[in-house]
Amino acid sequence: MYYFTLNPNEMKREIKKFDEKITCNVKNKSIRKFSFEMLYGIGASGSCRLADIAILI
């Protein structure tokens, strides 16, 4: 198992940049926000299980 620290602000910034690239043609703001929240939850928890993602959001 790997142990490391990650600055949460840096992680959010990188995920936000990635999210803007993949949702550049989406005009609905709520869909864009949902996409960002899901990506952040997956990245922060390290799991794709909805129960794990929901705890972090």
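Reader: In which hand does α1 pass α2 in this model?
Author: The model is a predicted one, and the two helices concerned are α1, residues 8-22, and α2, residues 29-45. Where α1 passes α2, the crossing is right-handed.

Reader: At what angle do helix α1 and helix α2 pack, and are they oblique or parallel to each other?
Author: Two packed helices are described by the angle between their axes and the distance between the axes. For α1 and α2 the axes lie 10 Å apart and the angle is about 135°. Angles over 145 degrees would count as roughly antiparallel and those from 65 to 115 as roughly perpendicular, and α1 and α2 are therefore oblique.

Reader: Which residues of α2 make the contact with α1?
Author: On the α1 side the contact is formed by M11, K12, I15, K16, F18, D19, E20 and I22. By class, the contact of α1 with α2 comprises 8 nonpolar, 2 polar and 5 charged residues. The residues that α2 contributes are R32, S35, F36, L39, Y40, G43 and A44.

Reader: Which residues does M38 contact, leaving aside its neighbours within four places in sequence?
Author: M38 and I53 are 15 residues apart in sequence, while their C-alpha atoms are 7.3 Å apart in space. With the neighbours within four places left aside, the residues in contact with M38 are L50 and I53.

How values were computed: Residues numbered from 1 in each chain as written. Predicted model: local features only at pLDDT ≥ 70, side-chain atom pairs only at ≥ 80, totals over all residues. Heavy atoms only, no water. Axes fitted to C-alpha atoms, helices over the stretch in contact; angles between N-to-C directions. Helix = DSSP H or I, 4+ residues; strand = E, 2+ residues; numbered from the N terminus. Parallel < 35°, antiparallel > 145°, perpendicular 65-115°, else oblique. Left-handed = near helix turned anticlockwise from the far one by under 90°. Contact = heavy atoms within 4.5 Å. Nonpolar A, V, L, I, M, F, W, Y, C, P; charged D, E, K, R; others polar.
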